[in-house]
Amino acid sequence: MSSPSTTLHSSHATGGAPPARSPHASLAVAMLGFAVVTLDTQVVNVALPDVSTDLGGSLSGLQWVVTGYTLMFSALLLFAGTFADRIGARRAYGIGMTVFVVASAVCGFAPSLGWLVAARIVQGVGAALVTPTSLALIRAAYQEPAARARAIAYWAMGGSIAAAAGPVLGGALTQLDWRLIFFLNLPVGVAAVLVLRRGGGSPRTVVPFDWTGQIAAVLALGGLTFAVIEGGELGYGHPRILIAFGVALVAAAVFLTAQARGRHPMVPLDLLRSRIVSVALAVGFVNMAGFYGVVFLQSLYFQQQRGASPLVTGLLFLPMTGLVAALNPLAARAAVRLGAAATIIGGQLFMVGGLLGLVLLPVDAPTWLVAAVMVPVGVGGSFTVPPTTALILDSVPPQRAGTASGVFNTFRQMGGSLGVAGYGAVVATQAGFRPGLHISLTATAVLITLTAVASLMLRSARH
């Protein structure tokens, strides 16, 4: 599965950016930032059993350790792009990385699960600021299109490598102490801030904030995530869960109203009228939900059900995550040769095969075989997301490309957050871990099959 990416907003500049004193410094900063925030989406999963042993907490608490980060990441991604445009990418990056590093230190010293979850939420805020600004720094530093394309390729490769290394690195550090996975961010973040001084700036632009839409989006996503996670333990008829669903519903209605009537909407609703855009958003959401959900539950499965150590668990993920990083570039070639729609459909069906394979494995299947059957889940995603991203950008006018990219990646991160929430909630309502795991995997396979069928419309829409 490709790493989270972001967007650049276009508007009227009010101040020119000084030329980059060192384009390579800007690229290094961008790669460090994108790699470290991508790493933190994957590195924590392998450490969850040790976190539970040390700090206590139920399955829902462990879900919040993962989801708290991705929730704020997705909820603030579009806002962060606007914020960076307004104050300049260099300054916004510095603020975001500082927030991320301080929150990482708090995670490492967290005395309780509540402190850890709260710090992870703040980490997500910093990550949302770092991600769009990292790409903006590259755009400002490299004016020549070919050089910029090469720089962006390095930027994306760094994120893919970080995502692939996350489970292995997390497992290795957890063997010593799970807190090290957060302390690792400190020297990387400090180095990025120091190198930032050698890079150039970027233009500042007059970009109004959609405060109503942003606040409503956070409340809607937060309320829905809380209801899904906590409902698994409290029951979905509990008053607190019903209130959370109500908050999410009202906030969603306010968000849609603000986007329809506001002068500067975060998500122009007419963008969603495009068949290509709407199908692409569904594909991105469901595929990321499946990928994040599988990584979350399989991390617990290997350690709690099969007795694997954190390091061995990380190594068991390596075939899946490593091939994702290696095969991402091939997806573009496949899309050129076979067509984007065929590549997207094939990738999703490959992912479905992996999910159903995990369901059908016998209970005593060797762990290496389980790891091998997980490979199609990751490889299928690597052949789905890149051509979907390209297709959605090709289907909108150039002036809408930034917005479309931002909306697509926001939907993907939302899918990841709700995927972890949904998988954990299903397991919590079942008598055992394996029945909950199998129900989650089967339901995801059905949903991805539906989005694969819907993807047939991409071919007719392109024609």
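G424 is found in helix α16, which covers residues 401–428; helices here (H or I, at least four residues) are DSSP runs numbered from the N terminus. The model is a predicted one, in which local features need pLDDT of at least 70 and side-chain atom pairs count only at pLDDT 80 or more, while totals for chains, interfaces and linings use all residues. Residues are numbered from 1 along each chain as its sequence is written, and side-chain values use heavy atoms, with hydrogens and water left out.

With a relative accessible area of 0%, G424 is buried, where buried means under 20% relative accessible area, exposed means over 50% and partly exposed lies in between, for a 1.4 Å probe and protein chains only. Once its neighbours within four places in sequence are left aside, G424 is in contact with L59, Q63 and F296, contact being heavy atoms within 4.5 Å. G424 can also be placed relative to S440, which is 16 residues away in sequence and 8.7 Å away in space, C-alpha to C-alpha.

S440 has its place in helix α17, residues 433–454, and at 4% relative accessibility S440 counts as buried. Leaving aside neighbours within four places in sequence, the contacts of S440 are L297, Y423 and V426. Buried residues of α17 include F433, G436, L437, S440, L441, T444 and I448. An α-helix has 3.6 residues a turn, so residues three or four places apart point the same way.

V66 lies in helix α3, residues 59–87, and is buried, with a relative accessible area of 2%. Apart from neighbours within four places in sequence, V66 is in contact with N45, L48, R120, F296 and V420. Between the C-alpha atoms of V66 and V43, which are 23 residues apart along the chain, the separation is 9.8 Å.

Helix α11 (residues 275–305) and helix α15 (residues 385–394) have axes that come within 9 Å and cross at roughly 155°; axes are lines fitted to C-alpha atoms, for helices over the stretch in contact, and angles run from 0 to 180 degrees between N-to-C directions. That makes α11 roughly antiparallel to α15, since angles over 145 degrees count as roughly antiparallel, under 35 as roughly parallel, 65 to 115 as roughly perpendicular and the rest as oblique. In this contact, I276, V277, A280, L281 and V283 of α11 meet T388, L391 and I392 of α15.

Helix α13 (residues 340–360) packs against α11 at an angle of about 30°, with the axes 12 Å apart, and the two helices are therefore roughly parallel to each other. Here V283, N287, G290, F291, V294 and Q298 in α11 meet I344, Q348, M351, L355 and L358 in α13.

Between α13 and α15 the angle is about 145°, with the axes 9 Å apart. The contact of these two is made by A340, T343 and I344 of α13 and by P387, T388 and L391 of α15.

The table sets out the residue classes at each contact, where Ala, Val, Leu, Ile, Met, Phe, Trp, Tyr, Cys and Pro count as nonpolar, Asp, Glu, Lys and Arg as charged, and the others, Gly among them, as polar.

| Contact | Residues by class |
|---|---|
| α11 with α15 | 7 nonpolar, 1 polar, no charged |
| α11 with α13 | 7 nonpolar, 4 polar, no charged |
| α13 with α15 | 4 nonpolar, 2 polar, no charged |

**Two further helices**

The 24 residues of helix α9 (residues 211–234) should span 34 Å at 1.5 Å a residue, and its end C-alpha atoms are 33 Å apart, which agrees. After α9 comes G235, whose phi is positive, near 95°.

T257 lies in helix α10, residues 239–261, and at 39% relative accessibility T257 counts as partly exposed. T257 and A452 are 195 residues apart in sequence, and their C-alpha atoms are 31 Å apart in space.

Key. Expected span 1.5 Å × (residues − 1).
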